[in-house]
Amino acid sequence: MLERLLEQRCPVTAVLSEPGTTHRSDRDLDLTTAQWRIAEDIVSVLRPMITLTELLSQDVNASLSATLPMLVNMKRRHLLSRDDDSTTVKAVKKKITEKIDKRWELTGSLEGSIYIQAAVLDPRFKSLSFLDAEKRDDAYATQKKLLLRERTAAAQRKVSPHQRGKGKSSRTYQC
């Protein structure tokens, strides 16, 4: 919406400043130069979010394993505050980062996260380079536990109940 407003800045300003079109009381609806600049800054922050949303919302190429790497990359590349950012841009970036962390639970332990499990199993992200060393080690340890649990369950399913009883002492009672 802001991007479209910026595209139509000249016509909007012209209409709002035209005495025959706009009532005198409505002329203050036009944005100041500072407000136009803030709108431009906010659009530049939100533009990568649009791309990320479109990538994660695709029907054909949707990939659960790509979710976490994309979010972490977004935070590292586009949402870090820079010295030349305005206070508004810094506040917007901070708020978006907080909401991403809360929604995707990126601040605490990632143990049991389906996104981590999917990334570990995907050859594109198997190295988990998007995580810091501690979280990467935790993710690998969790994945090993899950794999061991799955193998144990599969092995138990393969052994028939009759075979499980062999080797154990069993008493036979006669009446």
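Contact, in these notes, means heavy atoms within 4.5 Å. I'm working from a predicted model.

**Entry 1: helix α7.** I started with α7, which covers residues 133-158. I looked up which of its residues are hidden, and found that Ala139, Thr142 and Gln143 are buried. Then I asked what covers the buried residues of α7. Helix α6 is included in that cover. I also checked the length of α7: at 1.5 Å a residue, its 26 residues should span 38 Å. The end C-alpha atoms sit 37 Å apart, so that agrees.

**Entry 2: the core.** Next I went for the largest nonpolar core, and it has 23 residues. Leu79, Ile100, Ile116, Leu128, Phe130 and Leu131 have the most contacts inside it. Helices α3 (33-56), α4, α5 (87-104) and α6 (114-121) each supply at least two residues of this core. I noted that α4 gives the most, with 5 residues.

Leaving out residues up to four places away in sequence, Leu79 touches Val45, Met49, Met74, Lys93, Ile96, Thr97 and Ile100.

**Entry 3: the pocket.** The largest pocket has a volume of about 200 Å³. Which helix gives the largest share of its lining? It's α4 (residues 64-77), with 4 residues. I sorted the lining by type and got 6 nonpolar, 1 polar and 5 charged residues. Among the lining residues I wrote down Leu68, Arg76, Asp101, Thr107 and Lys135. Phe130 and Leu131 are on the pocket's lining, and I'd already met both in the core list.

Conventions:
Residues are numbered from 1 along each chain as its sequence is written. This is a predicted model: local features need pLDDT of at least 70, side-chain atom pairs count only at pLDDT 80 or more; totals for chains, interfaces and linings use all residues. Side-chain values use heavy atoms; hydrogens and water are left out. On a 1 Å grid over the protein atoms alone, a cavity is a set of points where a 1.4 Å probe fits but cannot get out, and a pocket is an open set with protein on both sides within 12 Å along at least five of seven lines; lining residues have an atom within 4 Å of a point. Grid points are joined across faces, edges and corners, and a volume is the space filled by probe spheres set on the points. Ala, Val, Leu, Ile, Met, Phe, Trp, Tyr, Cys and Pro count as nonpolar, Asp, Glu, Lys and Arg as charged, and the others, Gly among them, as polar. A nonpolar core is a set of buried Ala, Val, Leu, Ile, Met, Phe, Trp, Tyr and Cys residues joined through side-chain atoms within 4.5 Å. Buried means under 20% relative accessible area, exposed over 50%, partly exposed in between (1.4 Å probe, protein chains only). The expected span of a helix is 1.5 Å times one less than its number of residues.
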